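Work through the exercises below with the model open beside you. Try each task before you read its solution.

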Amino acid sequence: MKIALPVDEGKNETGICISFGRAPYFMFYDTETKDSSFLLNSAAESQGGAGIKAAQLLADNKVDVLLTPRCGQNAAEVLQSSNIKIFKTIGASVRENIQDFSAGKLAKLSEIHAGFHNHGGR
Amino acid sequence: MHIAVLSGKGGTGKTFVSVNLAAAAPKAVYIDCDVEEPNGYLFFKPVNVKEEKIIVKLPVVDSKLCTGCRKCVDFCAFNALAYIGSKVKIFDEVCHSCGGCKLVCPEKAITEKDKIIGSVQCGQSKNVGVNTGILNAGETSGIPIIKKLLKDIKNAEHQLNIIDCPPGSACIVMESIKDADYCILVAEPTIFGLHNLKMVYELVQLFSKPCGVVLNKCSKGKNPAEEFCIKENIEILCKIPFTKMLGIENSNAHIIVRKNAKYNELFTSLLDKVCKGGQHEAVTGT
């Protein structure tokens, strides 16, 4: 299973990014091989629709599960159409969230926000 | 001549200044570009109102013709399209109606449909033509409506056009002041008011527009907006006092210059200053 997480930096010591669509990087973690890799989020600099493009990136990279603190409506629509399941992270630690997810301790993300669309996180 | 009236925040008195400025002129057109909450018409109560619907184009994909090349998805600067499960998905509210996806599609799989997003209403109130832009509730961008309002006055340089802008300093305000010959910045005597005045002042400078400030709601005590104008050498066009009478008249949607000689004089002289300022800049600014 391939897990994706929005992260602040492209290295193993990174923390989880508060934004999904505009996260600088995505971290991919393979539950079988235990390998992790990073992808520069090309959607982060978009004028608009960053969530849509970021979700497209995850779909193109054949991600099965997304662990994220929050997710907007448009991104969620793309993710759901791609059968990517969304779980809500607890705290900023990548390692703990992957462990918690594997132990079945993370809940599905139920609050899908309407998007911040040019209102900078209001 | 196009005069834009703007402020960094709502409630400073843009509509109050625009409406009275237009009404104080022998003849003028008042253009309400605050399309999300147009309210100038409440004061003018225009008659012979004609309405025109504003339509934008949205893409529609024929999935039978689509080969999944993704040229449309890659082209869209606003990411309004995604390619999911072998299908193009379109996010209507993200689309800016540029028509680019239709142009780049090699299979001609994209056509366009019409969507009504609002309207423009034009009427008359004594000496003032009243043009109001109205964005339908739930729509994301009023820019196409503002474009239509300003297109209608584009070649009407000979008449006096007063543009009542939306609050803030975002894209929608830039669109509203683009063709202006002069910008009036309305400011409140508060620290918050000053913060927002700075933002719009920066914006009009970016557009190299001649400008001046109307200090509204002036009362006793410090006026941070006035101190800023003096420090930055920005012309203070006039000061309007904070009075109960103005508050009541405004709340009852009365146009003060049509009732009160003192205010008629204040706005006539404001208009005079602005017209001279705009022309002066037009001559020396080249």
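**Salt bridges, a helix and an interface**

Lys154(B) is partly exposed, with a relative accessible area of 46%. Partly exposed means between buried (under 20% relative accessible area) and exposed (over 50%), with a 1.4 Å probe and protein chains only. The model is predicted: local features need pLDDT of at least 70, side-chain atom pairs count only at pLDDT 80 or more, and totals for chains, interfaces and linings use all residues. Residues are numbered from 1 along each chain as its sequence is written, chains are lettered from A and ligands numbered from 1 in the order in which they are written, and side-chain values use heavy atoms, leaving out hydrogens and water.

**Exercise 1.** Find the residue with which Asp179(B) forms a salt bridge, and say which parts of the chain the pair ties together.

*Solution.* 
- Step 1. Apply the rule: a salt bridge is a side-chain nitrogen of Lys or Arg within 4 Å of a carboxyl oxygen of Asp or Glu.
- Step 2. The partner of Asp179(B) is Lys154(B), and their closest N and O atoms are 3.6 Å apart.
- Step 3. Asp179(B) lies in the loop between helix H6 (171–177) and strand S9 (182–187) of chain B, and Lys154(B) in the loop between helix H5 (143–153) and strand S8 (161–164) of chain B, so the pair ties together parts that are 25 residues apart in sequence.
- Step 4. Helices (H or I, at least four residues) and strands (E, at least two) are DSSP runs, numbered from the N terminus.
- Step 5. Asp179(B) is partly exposed too, at 26% relative accessible area.

**Exercise 2.** Is Glu249(B), the salt-bridge partner of Lys259(B), buried or exposed?

*Solution.* 
- Step 1. The side chains of Lys259(B) and Glu249(B) meet at 2.9 Å, N to O.
- Step 2. Glu249(B) has a relative accessible area of 16%, which makes this residue buried.

**Exercise 3.** Which residues of helix H3 (residues 94–102) of chain A are buried, and where do they pack?

*Solution.* 
- Step 1. The buried residues are Val94(A), Asn97(A), Ile98(A) and Phe101(A).
- Step 2. They cover an arc of only 100° around the axis, so they sit on the same side of H3(A). The arc is that of the directions from the helix axis to the C-beta atoms.
- Step 3. The buried residues of H3(A) pack against strands S1 (2–7), S2 (25–30), S4 (65–68) and S5 (85–88) of chain A. Contact here means heavy atoms within 4.5 Å.
- Step 4. Now look just after the helix: Gly104(A) takes a positive phi of about 75°.

**Exercise 4.** Describe the interface of chain B and chain A. How many residues does each chain bring to the contact, and how many salt bridges cross the interface?

*Solution.* 
- Step 1. Chain B brings 13 residues and chain A brings 15.
- Step 2. The area buried between them is about 1,100 Å², and carbon and sulfur atoms give 54% of this area. Buried area is the accessible area (1.4 Å probe) that two parts lose on being put together, summed over both.
- Step 3. Asn79(B), Ile84(B) and Phe91(B) supply 49% of the area that chain B buries against chain A, more than any other three residues.
- Step 4. Two salt bridges cross the interface. Arg70(B) and Asp60(A) meet in a salt bridge at 2.7 Å, N to O.
- Step 5. Arg70(B) is partly exposed at 24% relative accessibility, and Asp60(A) is partly exposed at 33%.
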